[in-house]
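User: I have a new model open on my screen. Can you walk me through it?

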2 protein chains.
Amino acid sequence: MPPSLILSRRDLEFLLHEWLDVEGLVERPRYAEHSRETFDAVLDLAERIATEHFAPHNRTADEHEPRMVDGRVQLVPEVADALRVFADAGLMAGEFDEEYGGMQLPHTVGQAVFAWFKAANVGTAAYPFLTMANARLLLAHGSEEQKATYVRPMVEGRWFGTMALSEPQAGSSLADITTRAERQDDGSYRLTGNKTWISAGDHELTENIVHLVLAKVPGGPPGVKGISLFVVPKVLPAGDGSLGERNDVVLAGLNHKMGYRGTTNTLLNFGEGVHTPGGRAGAVGFLVGEEHRGLTYMFTMMNEARIGVGMGATALGYTGYLHALEYARTRTQGRPPTDRDPTTPPVRIVEHTDVRRMLLAAKSYVEGGLALGLYCARLVDEEQTAESTDDRGRARLLLEVLTPIAKSWPSQWGLVADDLAIQVHGGYGYTRDHAVEQFYRDNRLNPIHEGTAGIQGLDLLGRKVVMQGGAGLVLLGETIAATTARAAGTEWAAHAADLDALVARLGAVTATLWGAGDPAVTLANATYYLEAAGHVVVGWLWLEQALATGGRTSDFHEGKRAAARYFHRYELPTVHTRLDLLESLDRTVLDTPERWL
Amino acid sequence: MPPSLILSRRDLEFLLHEWLDVEGLVERPRYAEHSRETFDAVLDLAERIATEHFAPHNRTADEHEPRMVDGRVQLVPEVADALRVFADAGLMAGEFDEEYGGMQLPHTVGQAVFAWFKAANVGTAAYPFLTMANARLLLAHGSEEQKATYVRPMVEGRWFGTMALSEPQAGSSLADITTRAERQDDGSYRLTGNKTWISAGDHELTENIVHLVLAKVPGGPPGVKGISLFVVPKVLPAGDGSLGERNDVVLAGLNHKMGYRGTTNTLLNFGEGVHTPGGRAGAVGFLVGEEHRGLTYMFTMMNEARIGVGMGATALGYTGYLHALEYARTRTQGRPPTDRDPTTPPVRIVEHTDVRRMLLAAKSYVEGGLALGLYCARLVDEEQTAESTDDRGRARLLLEVLTPIAKSWPSQWGLVADDLAIQVHGGYGYTRDHAVEQFYRDNRLNPIHEGTAGIQGLDLLGRKVVMQGGAGLVLLGETIAATTARAAGTEWAAHAADLDALVARLGAVTATLWGAGDPAVTLANATYYLEAAGHVVVGWLWLEQALATGGRTSDFHEGKRAAARYFHRYELPTVHTRLDLLESLDRTVLDTPERWL
């Protein structure tokens with residue numbers, strides 16, 4: 001069998017076993033039933049189902065995007081077929097507790113498993129992705145009754161889930177949502193309002209859809225402190241496990257996107273009176289946790305979703321890279337510029353240095369992104385199962401700092417990998433006869449949803465690096481220093497020293513920025529700060545990978561070292577330029593009023 | 001009337017009149033009939049026709065891409081309507097000689113005029129773009145008979161033209177084309193072969209299509225030195241001005257693209273025997289100039305086409321920027337991060353610093369790109385009409401050096417401007433309800449066609465900066481130095497000094513690269529060299545624009561200076577990082593064999 005163009009199993013093996021020691025997790029009680037063999041088996045299963053059931057309809061679902069017919073969402077039938085196979089294989093349940101029929105896989109393995117589906121068909125993979133995140137939120141914050149009612153059907157793949165946050169006038173700014181939830185005598189609530197950008201918001205794939213909805217209870221505080229979270233099922237459970245009345249949640253329209261078309265994206269109206277549960281209008285919702293704490297709960301899901309978006313961006317870049325590599329190995333064209341003899345046969349384009357440069361760049365982005373995503377997943381496992389409270393706390397803190405980067409960095413550079421994949425294909429890459437143009441269109445969503453790059457920059461510089469007196473940034477620096485220390489005396493020592501210098505500068509620049517005395521100045525170039533920090537983190541993870549190759553000389557390990565060198569030589573130096581600008585407290589943008597644009 | 005979202009007339013006025021002194025050209029005999037008033041009138045006309053006839057079907061043509069029905073190409077009818085208005089207004093003839101019914105506009109004005117159509121609807125604009133380039137090539141290299149037969153109908157818009165270079169196995173590498181042209185007793189040739197990527201290669205818009213085809217005459221030298229150029233009309237002219245037999249040129253299929261869909265892109269088979277002109281198979285072609293010199297002639301058209309592609313990329317970026325600016329001025333969302341009070345009303349997003357940063361960045365790219373394109377057009381005017389041979393020669397030399405940059409720089413950064421335009425729109429920008437996603441898809445073609453970025457890099461570093469003993473680079477350096485000298489004593493002196501330092505480094509790095517003694521090493525990072533040189537050139541043109549504002553303090557002039565500052569502070573410093581890498585003669589990619597990828 002030729003190597004997969006979806007994802008590299010060899011790379012996953014390297015990251016999981018030669019680097020992250022996932023096998024070591026089986027010593028912890030939660031994963032005691034597992035072993036290298038069970039991990040391998042589920043990865044085999046994921047590769048097979050992604051290859052046989054997800055990848056084949058990736059283009060079909062793009063060409064025949066979801067349509068609204070008689071108030072229902074019509075999808076190509078392959079989507080339902082693939083998701084049935086996915087759920088039947090137990091993959092929806094992968095990371096969940098045994099009591100819910102789950103496999104209790106470590107999150108690191110779960111993320112590696114799921115990367116196969118995102119790379120094969122991100123549009124179809126979004127349905128389980130959202131469902132699993134929804135179920136995890138309810139497990140964390142829902143009542144026992146909510147868990148019993150909603151989690152099991154989702155883990156079994158019989159119901160799917162959504163997150164319904166945005167409204168037409170409130171996307172990045174959730175403080176301004178206007179959906180209202182009024183408390184009823186029986187403890188339930190009735191919701192009224194309009195939501196948009198709801199992925200998987202309606203469809204016929206499952207008999208029910210569990211919406212997690214942000215809304216405001218009248219009388220609460222203004223802004224984000226007055227947001228509460230509700231479970232609003234499309235069909236109300238009857239109590240005996242069967243389905244009851246249709247809830248007053250109505251599909252109001254579909255958004256038509258440039259890419260990511262397989263995932264239907266909807267406008268939903270709550271409480272329009274189209275349906276009348278209990279004999280009257282209003283969408284019935286059930287409060288999760290306490291009133292006014294909804295955004296905090298939602299962040300459980302959003303942080304997971306952010307890292308997941310980053311993984312999706314990496315996966316799309318990764319498959320783009322593999323397609324480009326395959327094309328470059330088979331397509332012949334021209335001769336090296338040093339060969340002036342037109343009678344020599346044309347070479348395969350991978351022999352052109354500039355094509356190899358593009359491939360090596362893409363490799364450094366997608367393998368760097370995968371390392372970042374799996375490292376964060378490993379931190380989730382630490383946070384949840386490390387023995388000492390201290391270790392769990394450190395993992396949580398590091399994860400807090402890394403989350404905006406894990407979301408934004410692959411969203412930026414995975415897209416560049418797909419851009420390079422098109423460029424390697426030349427004109428063919430621009431046609432719909434090849435897969436790469438779709439990856440590029442699909443991937444363009446990732447810098448937008450689950451918090452734009454601008455939002456992530458404000459999160460990192462405005463919150464994460466200053467929280468707890470800057471403890472997160474200090475911890476990141478210590479963690480990186482532990483890596484660079486291991487590089488002493490190796491061929492990586494010079495690169496490690498460069499990285500140490502960058503980390504030191506990043507800390508100093510952070511202090512300078514926050515010493516400016518004016519938050520508007522501090523935050524003016526937060527997106528640049530995010531980019532600089534992202535490159536430092538990925539440069540560190542490339543050093544980690546290079547060290548993890550040990551002295552092994554297989555082509556695979558040589559390739560890891562080549563990509564690490566590439567990233568350190570071509571990419572990391574750009575960080576200094578960014579830091580120079582940040583250090584200068586540049587006011588160019590601040591001092592440019594709107595009327596000059 | 002609200003300001004146009006297609007292009008900025010104010011900016012064109014600034015570039016043409018406050019900077020490039022286009023009015024000064026009317027002192028030359030060729031343009032003696034012109035005046036500021038005639039230039040303004042044709043720009044008015046262009047804006048009106050672009051607005052009323054091109055922009056309205058931009059999305060329609062994208063949604064209903066050309067289809068092949070019964071062997072014919074079916075386009076939405078708006079394309080033909082728009083092009084009729086365009087030709088009837090005399091715009092096809094704009095720059096051509098009066099003897100062909102033309103207006104003899106300076107090329108600088110002609111490019112400004114045409115930018116309106118590219119920005120309004122690049123897919124429809126491609127038909128006249130190719131036709132005008134085709135006609136100009138025949139005027140430069142065709143026989144009197146060829147000019148009489150083909151140029152006038154094209155200038156009148158009755159026939160359209162194409163350039164047919166690529167073949168399925170030979171795109172970037174024209175040395176490997178296999179289309180054969182056999183000389184006939186009557187002096188004509190019969191062509192046999194398959195061409196692909198032929199934009200506007202077949203359609204029902206005009207009664208005839210004039211293909212300029214590269215082919216090899218048997219017995220000629222191998223490689224590019226054996227390529228000849230032929231006129232191959234779809235329908236053979238009968239000699240009396242009427243149309244005669246159908247030529248043996250057959251539409252073999254359409255390419256389906258990610259964007260730029262309004263321009264049909266075709267596979268054409270020559271000499272398949274479907275038609276039998278003169279009673280037998282074989283496409284009848286007429287040699288242009290001499291045998292085996294075809295690629296030289298074609299470069300007349302390709303250099304023009306390359307600058308034109310750059311202008312198209314700028315135009316698409318420009319309209320993207322204007323759409324984003326308009327959106328940012330009207331869409332409200334959130335509050336500045338310094339405003340923690342959720343009860344204050346949301347602000348228009350242009351008030352968010354990061355949104356203004358994106359807009360200022362995009363402005364610096366698209367206005368910089370427009371300055372570059374019009375500067376090159378001004379050089380074309382100099383090359384063709386300057387009084388002294390010396391001035392014409394200098395213009396030609398500078399244009400040679402700038403052409404790969406004028407093609408590639410806007411193709412890269414105009415696309416970034418469209419990327420930023422999507423980002424400013426947030427989720428809405430990713431939907432097909434807004435225009436910007438199409439600009440982004442359309443613009444992605446530009447780094448590919450008319451020579452990929454990789455090809456332009458080899459052209460610049462491998463040919464242009466070393467031709468004539470490096471005279472082109474020296475001339476560029478002198479030209480930039482003349483600008484920086486003017487900055488002495490102004491607020492721009494420090495930026496000018498930084499630019500001087502970059503120019504000096506660029507020269508030194510060029511010497512280092514060519515001193516490496518191994519062309520493979522010299523050229524390994526040619527694309528990086530191209531990017532570095534491109535930023536230096538645009539940095540220079542931003543300094544030019546800043547100086548051209550004089551001390552004027554209108555919002556428009558303040559905006560020019562703000563964008564100049566932005567480019568110098570945010571963008572130019574990245575050049576040093578590129579030059580560091582080039583200077584080190586880095587071998588990372590060269591030393592990475594294929595098997596490590």
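Analyst: One term before the strands: two strands pair if DSSP finds at least two bridges between them. Also, this is a predicted model.

User: Fine. Which residue is the bridge partner of A:Gly253 in E11(A)?

Analyst: A:Gly253 has A:Leu267 as its bridge partner in E11(A).

User: Which strand of chain A does that belong to, and how many bridges join E10 to E11(A)?

Analyst: Strand E10 of chain A covers residues 249–254. Five bridges join E10 to E11(A), and the two run antiparallel.

User: What about strand E5 of chain A: how many bridges join it to E11(A)?

Analyst: Five bridges join E5, residues 189–199, to E11(A). That pair runs antiparallel. Within E11(A), A:Leu268 is the bridge partner of A:Lys195.

User: Why is E11 of chain A largely enclosed by the rest of the structure?

Analyst: E11 spans residues 265–270, and five of its six residues are buried, so the rest of the structure largely encloses the strand. Buried here means under 20% relative accessible area.

User: New topic. What are the domains of chain A?

Analyst: The domain assignment gives domain 1 (9–155), domain 2 (160–291) and domain 3 (452–597).

User: What does UniProt place at residues 478–592 of chain A?

Analyst: An unreviewed UniProt entry places the feature "domain: Acetyl-CoA dehydrogenase-like C-terminal" there. In the model, residues 478–592 of chain A are 76% helix and 0% strand. The end C-alpha atoms of that span lie 39 Å apart.

User: How many residues of domain 1 of chain A are in contact with domain 3 of chain A?

Analyst: Six residues of domain 1 of chain A are in contact with nine of domain 3 of chain A. The two domains bury about 670 Å² between them, with 67% of it on carbon and sulfur atoms. On the domain 1 side, A:Phe14, A:Glu18 and A:Trp19 supply 70% of the area buried against domain 3, more than any other three residues.

User: How many salt bridges are there between domain 1 of chain A and domain 3 of chain A?

Analyst: The count is two. A:Glu18 also forms a salt bridge with A:Arg552, their closest N and O atoms being 2.9 Å apart.

User: Now chain B. What area is buried between chain B and chain A?

Analyst: About 8,100 Å², of which carbon and sulfur atoms give 57%. The contact takes 93 residues from chain B and 93 residues from chain A.

User: And how many salt bridges across the interface of chain B and chain A?

Analyst: The rule finds 14. In one salt bridge, the side chains of B:Arg348 and A:Glu594 meet at 2.7 Å, N to O.

Methods:
Residues are numbered from 1 along each chain as its sequence is written. Chains are lettered from A and ligands numbered from 1 in the order in which they are written. This is a predicted model: local features need pLDDT of at least 70, side-chain atom pairs count only at pLDDT 80 or more; totals for chains, interfaces and linings use all residues. Side-chain values use heavy atoms; hydrogens and water are left out. Buried means under 20% relative accessible area, exposed over 50%, partly exposed in between (1.4 Å probe, protein chains only). Helices (H or I, at least four residues) and strands (E, at least two) are DSSP runs, numbered from the N terminus. UniProt positions are given in the numbering used here, feature names are shortened, and annotations may be inferred rather than shown by experiment. Domain bounds come from an automatic or database domain assignment. Contact means heavy atoms within 4.5 Å. Buried area is the accessible area (1.4 Å probe) that two parts lose on being put together, summed over both. A salt bridge is a side-chain nitrogen of Lys or Arg within 4 Å of a carboxyl oxygen of Asp or Glu.
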